[in-house]
Amino acid sequence: MRFIDVHCHLDGRYFENSDELFARLRACGVEKVITCGVDLPTSIAVRDIAEKYEGCYFTAGYHPTELKDYKDGDLKKIAEIAMHPKCVAIGEIGLDYHYPDTNKPLQKEIFKSQLALADKLNLPVQIHSRNSAEDMYEILKESAGLLKNGFLLHCYSHSVDLAVELEKRGAYFSFGGTSTYSGSKKARRAIATLSLARLLTETDSPYMPPVSRAGEFPNTPESIPEIAQNFALLKGISTEQTAEAIWSNAHMLFKKLNN
């Protein structure tokens, strides 16, 4: 079986020996990973990692909670990074209203600007959305014309009803280690309800370990086989079928994985 992690953070803050990590990933069947930028410095860092390792790809973008150092001209630099042959998407981008000092107007502005950038570069987007379901959905509806290259709701945490509506609009959804816990009812219902053709596996490493690694830090993409096995249980199919479908889905959404 071959597995893929479509969303992780391997920019060096928590992983001191990347050579050992990528050797372990190959050993457990995780053949490809997409490591994600959250601002300009991390987008540069993940580009450098992707250049070093076969099977490693990256995204470039500004996360909604990382805008404190954002300045005019940064998106032009993100665009330059995103033209790299191993940059598969603009991300992670979106909205996050979790913190009390959230600057919602700025988050919305930069989110929309990055959707437009992705469209200009013919790239899909990886979307982060926390405590922001209504605004996120409205922006995606308004920006439908900018999403023709595809969009992923990473670590999806909103309602199953909203997931069904987003699926109708062409969304893909990725779920990580939290979906392996019996208490993660919304995520597990969403996985069971959504079409297998719209599902992807992620770890969000170094965060969100699966149940077998509860309390461990850092989490790594080595958790992907366990997450895929859980998908298979929830869908009532084999792990082999699940892994192959997810592999195909990832290459359908992230076209540059095929290069």
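1. Start with the loop between strand 8 and helix 8, where Pro206 sits. This is a predicted model. Ser205 and Pro206 are joined by a cis peptide bond, with omega at about 15°. Pro218 lies in the loop between strand 8 and helix 8 as well. The peptide bond from Phe217 to Pro218 is cis, and its omega is near 0°.

2. Glu222 also belongs to the loop between strand 8 (199-201) and helix 8 (224-235). What does Glu222 form a salt bridge with? Its partner is Arg24, and the closest N and O atoms are 3.0 Å apart. This pair links distant parts of the chain, since Arg24 is in helix 1 (residues 18-27), 198 residues apart from Glu222. Glu222 has 19% relative accessibility, so Glu222 counts as buried, the cut-off being under 20%. Arg24, at 36% relative accessibility, counts as partly exposed.

3. The whole structure holds 11 salt bridges. Side chains of opposite charge can pair when their charged atoms come close. Asp135 is partly exposed, with a relative accessible area of 22%. Lys108 is partly exposed at 27%.

4. Lys68 and Glu66 also meet through their side chains in a salt bridge, at 3.7 Å from N to O. Is Lys68 buried or exposed? Lys68 is exposed, with a relative accessible area of 66%. Glu66 is partly exposed, at 25%.

5. Now the helix pair. The axes of helix 2 (residues 40-52) and helix 3 (residues 74-82) come within 10 Å. They cross at roughly 10°. Angles under 35 degrees count as roughly parallel, and helix 2 and helix 3 are therefore roughly parallel to each other. On the helix 2 side, the contact uses Leu40, Ser43, Ile44 and Arg47. On the helix 3 side, Asp74, Lys77, Ile78 and Ile81 meet them. By class, this contact has 4 nonpolar, 1 polar and 3 charged residues.

6. Next, the largest nonpolar core, which has 78 residues. Which of them touch the most other members? They are Leu166, Phe173, Phe175 and Phe254. Strand 4 (residues 87-96) supplies the largest share of this core, 6 residues.

7. Phe175 deserves a separate look. Leaving aside neighbours within four places in sequence, Phe175 is in contact with residues including Tyr156, Ala187, Ile191, Leu194, Leu200, Ile227 and Phe231. Thr201 and Glu202 are also among its contacts.

8. Thr178 is found in the loop between strand 7 (171-175) and helix 7 (185-193). Thr178 is partly exposed, with a relative accessible area of 31%. Not counting residues up to four places away in sequence, Thr178 touches Ser184, Met208 and Pro209. The C-alpha atoms of Thr178 and Leu40 are separated by 28 Å, and the two residues are 138 apart along the chain.

9. Finally, two backbone points. Asn122 is not a glycine, yet its phi is positive, near 60°. Asn122 sits in the loop between helix 4 and strand 5 (125-130) and counts as exposed at 54% relative accessibility. Cys155 also has a positive phi, near 45°, in a residue other than glycine. Cys155 is in the loop between strand 6 (151-153) and helix 6 (160-168). At 18% relative accessibility, Cys155 counts as buried.

Conventions
Residues numbered from 1 in each chain as written. Predicted model: local features only at pLDDT ≥ 70, side-chain atom pairs only at ≥ 80, totals over all residues. Heavy atoms only, no water. Axes fitted to C-alpha atoms, helices over the stretch in contact; angles between N-to-C directions. Helix = DSSP H or I, 4+ residues; strand = E, 2+ residues; numbered from the N terminus. Parallel < 35°, antiparallel > 145°, perpendicular 65-115°, else oblique. Contact = heavy atoms within 4.5 Å. Nonpolar A, V, L, I, M, F, W, Y, C, P; charged D, E, K, R; others polar. Core = buried A, V, L, I, M, F, W, Y, C linked by side-chain atoms within 4.5 Å. Buried < 20%, exposed > 50% of the residue type's maximum accessible area, 1.4 Å probe, protein only. Salt bridge = Lys/Arg side-chain N within 4 Å of Asp/Glu carboxyl O.
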